[in-house]
Amino acid sequence: EPEPGGRYEAVVPHWFYCKVTDSRERWVPFSAQDSERLEEAHGAGKDQEDVVVATSGGRYDVHLRRRQRVAVYWEEEVSEVRRCTWFYKGDKDNKYIPYSESFSEELEEAYMIAVTLDEWKKKLESPSREVIILHNPKLMVHYHPVASSDDWVSTPTEQGRPRTVKRGVENIAVEIPNGEPLQIDHLVFVVHGIGPACDIRFRSIVQCVNDFRNVSLSMLQAHFRKAQEQQQVGRVEFLPVNWHSSLHSTGVDVDLERITLPSINRLRHFINDTILDVFFYNSSTYCQTIVDTVASEMNRLHQLFMQRNPLFKGGVSIAGHSLGSLILFDLLTNQKADPEEEEHSAQGSRTTSGNGGIEEVKEILKKLELSEYCDVFEKEKMDRQALFLCTENNLKEMGIPLGPRMKILHYISSEADTQVCDSRALTAPTGPSSTELFPGTNPTLPLSQVSANYPQLNYKPTIFFAFGSPIGMFLTVRGVKRIDPNYSLPTCKGFFNIFHPFDPVAYRIEPMIVPDLEFEPMLLPHHKGRKRMHLELKEGLTRMSVDLKNNLLGSLRVAWQSFTRAPVPALEAASTDAEAEAETGTEKQPDTKAEEPPAAGKEEAPLINVGRLNGGNRIDYVLQEKPIESFNEYLFALQGHLCYWESEDTVLLVLKEIYQTQGITLDQPLQGSQ
């Protein structure tokens, strides 16, 4: 601030927007780069035109003439925008509130005169009949009006409690963000789970994805600094996909309200609004509404994004939380690998999945030692699926004798039983439709997903991220006991199942691919490197106890053998001792392996073949719980399911895998990763 009698310098304006939360207003500053762009458009005299300035990374448009901030990709209340120069401190939360633009101009004019002429104690009246007194450049106060008197000469104490007035944004305590990188490297659509609220603070999917995006920006600065300096990395854009409002706008809430009991009203309303979404998705009627909404919304967002970012050349990935991940999984399993060659692709997938192909029928006949009838089946264009639908009369009409008929029917029966036992495992390496993904011979068996017409996406996702996902549980409940190691999602080659160890909704995927082998999920490293201290301590104590146990058992075994050993000549004793030592060593070896701590098993985890679902890479990734969470698993179970939006470790894995597809790696590999 200038000293009295100093030279006047014009105030530097900054642009703010008004955010309303629970009927409370809060003025939030635009980022430095957004404010500069708005000021540039304002200075060019474009206020008279209906000029639109993109802000907040292109997710909001500011209509300059109307002074409105409008969301681009989702529905949101329009916010008021203000060019701010003068501020006063509010009564409730001590936050600074900007004056209106017109009154700020009056204040600035009075301030300019006071500085130029060195005449202070200026009094001004605000539009709301409040008094502002400019005592000197460092002391300017704002008084409430006095209802009983209009006497301007009254002392300040008679006009209520004074509030501080500040000139210029640099003089108020507010954090102004620098802004987001303009370059967008990758686009990720995020689908929410049950209910309208997505975290423990009951915030919407838009607010939670905002958090996720903000964490990603800080992780990029911390772990991709070299790539940023070389301008290889910009940022990843995350856009929310909302399907809950479309589902509950179908009138089903009114129907539910009529049959809901009046007691424990809040709990019943909560169940109707959240838990019932799971049942809606398992209803063919509402499942169709949900998948149509998710697919059409993702296609709409993608089209709109490409219109606004015509130079974008990056890939697109998708992420789902809770039920949202199951919706995406079902959509992805029903995508067509190549729409232009749909028939060829379908035929190929049917052949590889065991549902079609005359050659396969010939193999079956050869196995049954009935090769002489191959020509008959080929003439009738009998593929494997048709063969499994044959009855005895069909075979009789084809001229197959009784003996071969019995062999074929017995084979069909035994294979059908096997497939029922296997519960129609995911076996197709590729395949567009649900019948190809879940092969079976009996048409009365339920498909392993809800009967619906699954829409196609306008793009091929690079990676599918599932957070706190119940996919494994739903597949099991639907009757899928095993996923074929050769199976991969038709249009998406990457799949990561990320979960908190205490998340009650999360289930693993890898044991469904490798059911005969027990192994731990991959442990996600802490974003600052290494494991969390309490986990390292726990692991160290486990290893120490195992070593003590092994040493104690070994000592007891040697002592017992020395007591029970029969007396032998000295010459034989030496060889016997050697044999006993070797025997003890061989006995100890399997025990030692059996008692190895979990860490040793985890080190071998990367060698496990978990199939093609994630391109041969591991699928299940578990977060490290915080020290306070390890005290009581049940207490933090709900928090465990809702923690992903602000989890640096989750965000870092997402960024690491996305940029790895572009050949960009972390500045330094994190320690503690398995």
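**Burial and overall make-up**

I began with burial: 46% of the 674 residues of the protein chain count as buried (under 20% relative accessible area; exposed is over 50%, partly exposed in between; 1.4 Å probe, protein chains only). The model is predicted, so I kept its limits in view: local features need pLDDT of at least 70, side-chain atom pairs count only at pLDDT 80 or more, and totals for chains, interfaces and linings use all residues. Residues are numbered from 1 along each chain as its sequence is written, and side-chain values use heavy atoms, with hydrogens and water left out.

I looked up the secondary structure next. The protein chain has 24 helices and 19 strands (DSSP runs numbered from the N terminus: H or I of at least four residues, E of at least two). Its accessible surface comes to about 35,500 Å², and 53% of that belongs to carbon and sulfur atoms (Shrake-Rupley method, 1.4 Å probe; for residues, only the protein chains shown count as cover). I then checked contacts (heavy atoms within 4.5 Å). Of those with a separation of 6 or more, 71% are between residues 24 or more positions apart.

**Aromatic rings**

I searched the whole structure for aromatic pairs and found 19. Rings of Phe, Tyr and Trp (its six-membered ring) pair if their centres lie within 6.5 Å; planes under 30 degrees apart are stacked, over 60 edge-to-face, the rest tilted.

F305 and F312 have ring centres 5.0 Å apart and planes at 85 degrees, so I logged the pair as edge-to-face. Both F305 and F312 are buried.

F496 and Y621 make a tilted pair, 5.5 Å centre to centre with 50 degrees between the planes. This pair links distant parts of the chain: F496 is in strand β17 (residues 494–499) and Y621 in strand β19 (residues 620–622), 125 residues apart. F496 is buried at 4% relative accessible area. Y621 is buried too, at 11%.

I also noted one aromatic cluster, formed by F212, F238, F467, Y644 and W645.

**Charges over rings**

I used this rule: NZ of Lys or CZ of Arg within 6 Å of the ring centre and within 35 degrees of the ring normal. R69 lies over the face of Y17, 3.7 Å from the ring centre. R508 has its charged end over the ring of F519, 5.2 Å from the centre.

**I264**

Last, I looked up I264. I264 sits in the loop between α6 (252–259) and α7. I264 is exposed, with a relative accessible area of 52%.
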